[in-house]
Amino acid sequence: MNAEPKKPEPDRSGRARRFAALVRKESYQVVRDPSSILIAFVLPLILLFLFGYGVSLDTTRTRIGLVVEEATPLTRDLAASFHASRYFAVAIGRDRREFEDDLVLGRVRGIVVIPARFAADHAAGRHPAVQVIVDGSEPNTANFVQNYAQGTVTNWERQRTLEGRGHPPAIAVEQRFWFNPELTSRNFLVPGSIAIVMTLVGTLLTSLVVAREWERGTMEAMMATPVSAAELLAGKLLPYFILGLTSMTLCVLLAVFLFGVPFRGSVLALYALSATFLMPALGQGLLISAATKNQFLASQLALISAFLPAFLLSGFLFEINSMPTVIQWITYIVPARYLIPSLQTVFLAGDIWPVFARAIAVMFLIGCVFFALAARSTRKRIG
């Protein structure tokens, strides 16, 4: 009996050579393209320095006017507490009208008034009042001045109690802050900015470079070769995937050694989260380039659909729970919503894998959706 002829095996070595050639070609293009280096390395450094040095949510040395209507040892002691506070830069006056114009013109952010009856009320065992006048046109600063003025008075009273010169408070509140004891905004702004950088490198750079090939016609020429659509997309993405991880590594080194942000997690968690995030970022860039075939349109769509949502709808600067309900639902499809808190956890708290596993799963799912849409759009464009 004659043996059945063997079926020809797929040319795996040829496929591997084609894929390696695609990766090599794309890598050469990245190296030769100045805009790729600019977006991948120079722009991230600028953003990191802006968020590390130029942007701060720490309100310190806020200028206030302190009105001491009657100079007594007690009021001078309280005024000294305001002077010693690291949160206030204090100007002393005897009448609140001295600071009214300064408050209107923004030269001071609040007026703290220690009334003339303060010492008498305190000596009589009554609770003396300290008036705080703030500019309500800036709610965040107004709340800060109110809260820290109250805190300064409370600490002053507690210190007098410890020294045996005051009345013990009914309830003493002892505060402790985990993970970021000094409440330094840089410690969560810098890790969050790394996600913004990866969004730029992944989505903006990929959409621009691939759209340029559509404009020049080289993409159609490459698709006319024996390369499959999946091989082409994978070959184009791998160099940018490595570029994104390299840019992330540079940002992490600067965050730890230059900005002094603590890194309490593991390198494994950092790269697992970053590599998974690059899937939706790169997939979105491919989809934009295939849908537009134009560099200008691709850059605008990348900024509107990737950078702005990552900046505004991820919890990076604005608390998601304070957003309208409809906007909160939209944030669930923003990949940076899952990366930014995970990176902040890696830096400040350490490895909490139940949190990371959920973020990785959601980002992977979003990435698969983007890749499927990008592959389908690419085939339709070629067809």
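Trainee: Leaving aside neighbours within four places in sequence, with which residues is Ile 194 in contact?
Mentor: This is a predicted model, where local features need pLDDT of at least 70 and side-chain atom pairs count only at pLDDT 80 or more, while totals for chains, interfaces and linings use all residues. Residues are numbered from 1 along each chain as its sequence is written, and side-chain values use heavy atoms, without hydrogens or water. Contact means heavy atoms within 4.5 Å. With neighbours within four places set aside, the partners of Ile 194 are Leu 48, Met 248, Cys 251, Val 252, Leu 343 and Phe 347.

Trainee: In the largest nonpolar core, which residues touch the most other members, and which helix gives the most to this core?
Mentor: A nonpolar core is a set of buried Ala, Val, Leu, Ile, Met, Phe, Trp, Tyr and Cys residues joined through side-chain atoms within 4.5 Å, where buried means under 20% relative accessible area with a 1.4 Å probe and protein chains only. The core has 70 residues, and those touching the most other members are Ile 194, Leu 205 and Leu 339. With 16 residues, the element that gives the most to this core is helix 7.

Trainee: How many residues are in the other core that lies apart from it?
Mentor: Its members include Leu 78, Val 90, Val 112 and Ile 114. The size of that core is 17 residues.

Trainee: Is Thr 206 buried or exposed?
Mentor: Thr 206 is found in helix 7, and its contacts beyond four places in sequence are Val 201, Leu 237, Tyr 240, Leu 282, Gly 285 and Leu 286. Its C-alpha is 9.5 Å from that of Ala 302, which is 96 residues away along the chain. Because its relative accessibility is 1%, Thr 206 counts as buried.

Trainee: How far apart in space are Ala 359 and Ser 342, C-alpha to C-alpha?
Mentor: Ala 359 is found in helix 14, and counts as buried because its relative accessible area is 4%. Beyond its neighbours within four places in sequence, Ala 359 is in contact with Leu 273, Tyr 338 and Ser 342. Ala 359 and Ser 342 are 17 residues apart in sequence, and their C-alpha separation is 7.4 Å.

Trainee: Which helix gives the most to the lining of the second largest pocket?
Mentor: On a 1 Å grid over the protein atoms alone, a pocket is an open set of points with protein on both sides within 12 Å along at least five of seven lines, and lining residues have an atom within 4 Å of a point. About 190 Å³ of space lies in the second largest pocket; of its 16 lining residues, Gln 284, Ser 305, Ile 333, Val 334 and Pro 335 are the closest to its centre. Helix 7, helix 10 and helix 11 each give two or more residues to the lining. With four residues, the element that gives the most is helix 11.

Methods:
1 Å grid on protein atoms, 1.4 Å probe; cavity = no way out; pocket = protein on both sides within 12 Å on 5 of 7 lines; lining within 4 Å. Points joined across faces, edges and corners; volume = space filled by probe spheres on them. Buried < 20%, exposed > 50% of the residue type's maximum accessible area, 1.4 Å probe, protein only.
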